[in-house]
Amino acid sequence: MFGYRHAFHAGNHADVLKHLVLVQLLDYYRAKQKPFWYVDTHCGAGAYRLDEGPAQARGEYRDGIGRLWDRTDLPPATSRYLELVGRFNPDGKLNRYPGSAWFASEILGPADRLWLFELLPADFQALRTRFSADSVRTRVQCQDGFAALRGLLPPASKRALVLLDPSYELAEDYARVVDSLADSLRRFSTGTYALWYPLLRRREADRLPRQLGALAARAWLNVRLMVRRRPLDEGGLYGSGLYVINPPYTLPAMIEAELPAVAQSLAQDDKAGFTLDFEIP
Ligand SMILES: C[S@@+](CC[C@H](N)C(=O)[O-])C[C@H]1O[C@@H](n2cnc3c(N)ncnc32)[C@H](O)[C@@H]1O
């Protein structure tokens with residue numbers, strides 16, 4: 001199961017969409033100034049080199065963060081995300097890219113808690129080392145993120161954001177994310193859940209939006225960023241989506257304002273674009 005290493009994909013178009021929205025969610029909850037939990041069920045290594053190793057070999061980041069890095073004309077939420085990536089590269093060169101846990105640790109405050117799960121031993125070790133100095137706020141565990149989530153909900157803080165970001169290497173991940181969200185909503189119906197999912201020609205991926213809709217969450221938002229036309233065969237990712245349950249009411253307007261420029265910047269052909277659907281009563 002451990003063929004997937006996020007180091008190969010760090011900073012690609014999928015990370016851009018996921019982390020752009022994640023930063024907005026974290027900023028929104030942080031502003032409330034009440035203790036808050038962040039749960040990252042599939043954390044990766046927490047930080048990646050772009051100037052050497054796997055990311056350099058594949059170069060996916062060049063068509064992701066690489067296309068935005070030097071831009072000064074992007075709308076505010078995208079600029080905010082870029083500012084954070086810049087903070088992670090203090091010498092001004094795009095040599096490294098932060099993982100989801102780093103964005104959370106940077107934005108959340110001392111009274112907040114971060115629960116970070118990663119199953120791949122090498123990435124777990126890197127993650128643990130990275131957060132070893134932050135052990136009061138942060139728990140890092142080498143554990144199945146879906147199982148760990150069950151044990152955490154409902155959170156003592158009564159406020160939480162859960163990021164579910166599996167690699168979908170295993171077909172069963174598609175079913176597990178749906179089961180995990182259904183179970184989590186039963187345990188903690190008011191939590192905010194952000195699920196990343198791939199857009200690729202695969203039966204399980206095509207079925208996922210319908211299954212997420214059937215969860216009948218009271219409030220939800222689904223944003224999809226396509227960077228190229230849907231391939232005719234099973235070839236790679238043509239985009240990705242984020243399904244957010246119980247999103248802040250501000251999120252749709254943010255996406256409407258930001259995604260046109262992001263989609264245009266990351267476009268690989270004339271079929272690039274984005275879709276946004278939501279229901280926030
Ligand atoms: C897409 S990557 C995560 C990227 C990270 N969330 C970010 O945005 O920086 C998915 C990670 O999940 C890990 N993984 C796979 N199955 C897992 C499981 N059942 N529980 C926890 N981690 C798992 C993989 O080793 C991989 O590092």
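**A quick tour**

Guide: Leaving aside neighbours within four places in sequence, alanine 126 is in contact with Ala45 and Gly46. Two residues are in contact if their C-beta atoms, placed from the backbone, lie within 7 Å.

Visitor: What kind of model is this, and how are residues numbered?

Guide: This is a predicted model, in which local features need pLDDT of at least 70, side-chain atom pairs count only at pLDDT 80 or more, and totals for chains, interfaces and linings use all residues. Residues are numbered from 1 along each chain as its sequence is written.

Visitor: Back to alanine 126. Where does alanine 126 lie?

Guide: In helix H6, residues 121-130. Helices (H or I, at least four residues) and strands (E, at least two) are DSSP runs, numbered from the N terminus.

Visitor: Is alanine 126 buried, exposed or partly exposed?

Guide: Alanine 126 is partly exposed, with 19 other C-beta atoms within 10 Å. The cut-offs are these: buried means 20 or more other C-beta atoms within 10 Å of a residue's own, exposed means 12 or fewer, and partly exposed is in between; C-beta atoms are placed from the backbone.

Visitor: OK, new topic. Which residues touch the most other members of the largest nonpolar core?

Guide: Leu116, Ala194, Leu195, Leu225 and Leu242, in a core of 82 residues. Helix H1 (residues 13-30) gives the most to this core, with ten residues. A nonpolar core is a set of buried Ala, Val, Leu, Ile, Met, Phe, Trp, Tyr and Cys residues joined through C-beta atoms within 7 Å.

Visitor: Why would such residues gather?

Guide: In soluble globular proteins, nonpolar side chains tend to be buried together.

Visitor: Take alanine 194. Where does alanine 194 lie?

Guide: Alanine 194 is part of strand S7, residues 192-199. Alanine 194 counts as buried because 21 other C-beta atoms lie within 10 Å. Beyond four places in sequence, its contacts are Val21, Leu22, Leu25, Leu161, Leu163, Leu242 and Val244.

Visitor: And what is leucine 116 in contact with?

Guide: Asp40, Cys43, Ala101, Leu127, Phe131, Thr138, Arg139 and Val140, again leaving aside neighbours within four places in sequence.

Visitor: Ala101 is on that list. Which residues of H5 are buried?

Guide: Ser100, Ala101, Trp102, Phe103, Ala104 and Ser105. That makes six of the eight residues of helix H5 (residues 100-107), so H5 is largely enclosed by the rest of the structure.

Visitor: Now H10. How many residues does H10 have?

Guide: Helix H10 (residues 251-266) has 16 residues. From first C-alpha to last, H10 reaches 21 Å, close to the 22 Å expected at 1.5 Å a residue. The expected span is 1.5 Å times one less than the number of residues.

Visitor: Where is the kink in H10?

Guide: At glutamate 258, shortly before proline 260, and the kink is about 40°. The bend at a residue is the angle between axes fitted to the seven residues ending there and the seven starting there.

Visitor: What covers the buried residues of H10?

Guide: The cover includes H1, helix H3 (65-68), helix H4 (76-87), strand S8 (220-226), strand S9 (239-245) and strand S10 (273-279).

Visitor: Switching to the ligand. Which residues come nearest?

Guide: His42, Gly44, Gly99, Ser100 and Leu120, out of 20 residues around the ligand. Here a residue is near if its C-beta atom, placed from the backbone, lies within 6 Å.

Visitor: What is phi near at alanine 216?

Guide: Near 55°, a positive value in a residue other than glycine. Alanine 216 lies in the loop between helix H9 (203-213) and S8. Alanine 216 is exposed, with 9 other C-beta atoms within 10 Å.

Visitor: Last one. How many residues apart are asparagine 95 and arginine 49 in sequence?

Guide: They are 46 residues apart in sequence, and 6.1 Å apart in space, C-alpha to C-alpha. Asparagine 95 lies in the loop between H4 and strand S3 (96-98).
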